[in-house]
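Please look over the structure below before reading the briefing. The notes that follow are grouped by topic.

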Amino acid sequence: MDDHLKNISLGLNIESNDVCMILIYGIGGIGKTTIARYVYDQISWGFECCSFLENVERTELLALIVFDNVDDDINKLELLIGTLNWFGEGSRIIITTRDKHLLNRLKVDHPYEVEGLKYNEAFKLFSQYAFRLDFPTEDFKGLIDRVIHYCQGHPVALKVLGHLLCDKTISEWESQLHKLEKKLEMKIESMLKTSYDGLDSSQQRIFLDIACFFEGENRDFTSKILELYGEIDIRVLWDRCLITVSVDNRIYMHDLLRQMGRQIVCEEHPEDPNK
């Protein structure tokens, strides 16, 4: 967490008297709110007024304001923020969102993408929930590695599965991991599906097409295959952190999102998922 604080503090440029806005973005459950709350708690002492998603009115004070989980009502946020002239010199605004399109709409000074946890961080977090220990017995090491690989650094998924597997035997772990290969755990699915449900019908279709057929393919090739709305809908999926596009222009999707997409297709067409 201290690494996030260090990187975000550089973007906030606390020593400057300018009003600064930073956007923390990433897929659902990746830890945006947790990081924003931690940064808020660490730096709030230096401001005359602070608010974490509270009722915010115009202020000339040196203010620290966090808008958490801003995805839908962007117009209301623009009204709340008004212009940066509303805030006293040195004020800082932190926004968390799944939609990095806000970078342009709100004229953000510094974007900060939250990526998945590294192996050691994921191992420690999962172990705290599954064993109530930072470093469990060696007997479970191989099974823990499978969980970490499955979650791909996703903090909420690690916590949910940690709770699920706590106090279970090795054979029960094996059974649960086999089940997860076929079906997402309900709480994980519900959290991820919020972003999918916020898409329109053509965006949902293209999300499912990518999950089933085009993950790892060239973006331009995929846009042509998907025809009319392909290019713009792929951009929307990218902006909403549902896919990533690599430096060599290939489309990738988090493993949990890909599994969710394929699961949706199977549920919609149980007799013939290829439809």
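**The sheet**

The model is predicted, and five of its strands form an open sheet in the order β2-β3-β4-β1-β5, with parallel pairing. Two strands pair if DSSP finds at least two bridges between them. Helices (H or I, at least four residues) and strands (E, at least two) are DSSP runs, numbered from the N terminus.

- β2 (49-52) and β5 (110-113) are the edge strands; each has a single partner strand, so one side of each lacks a neighbour in the sheet.
- From one strand to the next, the twist averages 15 degrees.
- Strands β3 (residues 63-67) and β4 (residues 92-97) run parallel and are joined by four bridges.
- I65 has I93 in β4 as its bridge partner.
- Helix α1 (residues 2-12) lies across β1 (20-25), β4 and β5, and runs at about 145 degrees to β1. Axes are lines fitted to C-alpha atoms, for helices over the stretch in contact, and angles run from 0 to 180 degrees between N-to-C directions.

**Helix α9**

- Helix α9 (residues 186-197) has 12 residues and should span 16 Å at 1.5 Å a residue; its end C-alpha atoms are 16 Å apart, which agrees. The expected span is 1.5 Å times one less than the number of residues.
- The residues I188, E189, M191, L192, S195 and Y196 of α9 are buried (under 20% relative accessible area; exposed is over 50%, and partly exposed is in between, with a 1.4 Å probe and protein chains only).
- Seen down the axis of α9, the buried residues fall within an arc of 165 degrees, so they line one face of the helix. The arc is that of the directions from the helix axis to the C-beta atoms.
- M186 and K187, on the other side of α9, are exposed.
- The cover over the buried residues of α9 includes α7 (155-165), α10 (201-214) and α13 (255-268).
- At the start of α9, a side-chain oxygen of E185 comes to within 2.7 Å of the backbone nitrogen of K187.

**Residue F123**

- F123 is part of helix α5 (residues 119-130).
- F123 counts as buried because its relative accessibility is 11%.
- Apart from neighbours within four places in sequence, F123 is in contact with D134, F135, P136, K141, I144 and I148; contact means heavy atoms within 4.5 Å.
- F123 and L242 are 119 residues apart in sequence and 24 Å apart in space, C-alpha to C-alpha.

**Basis of the values**

- Residues are numbered from 1 along each chain as its sequence is written, and side-chain values use heavy atoms, leaving out hydrogens and water.
- Local features need pLDDT of at least 70, side-chain atom pairs count only at pLDDT 80 or more, and totals for chains, interfaces and linings use all residues.

Terms used: Polar contact = N/O pair within 3.5 Å; in protein donor to acceptor, adjacent residues only side chain to side chain.
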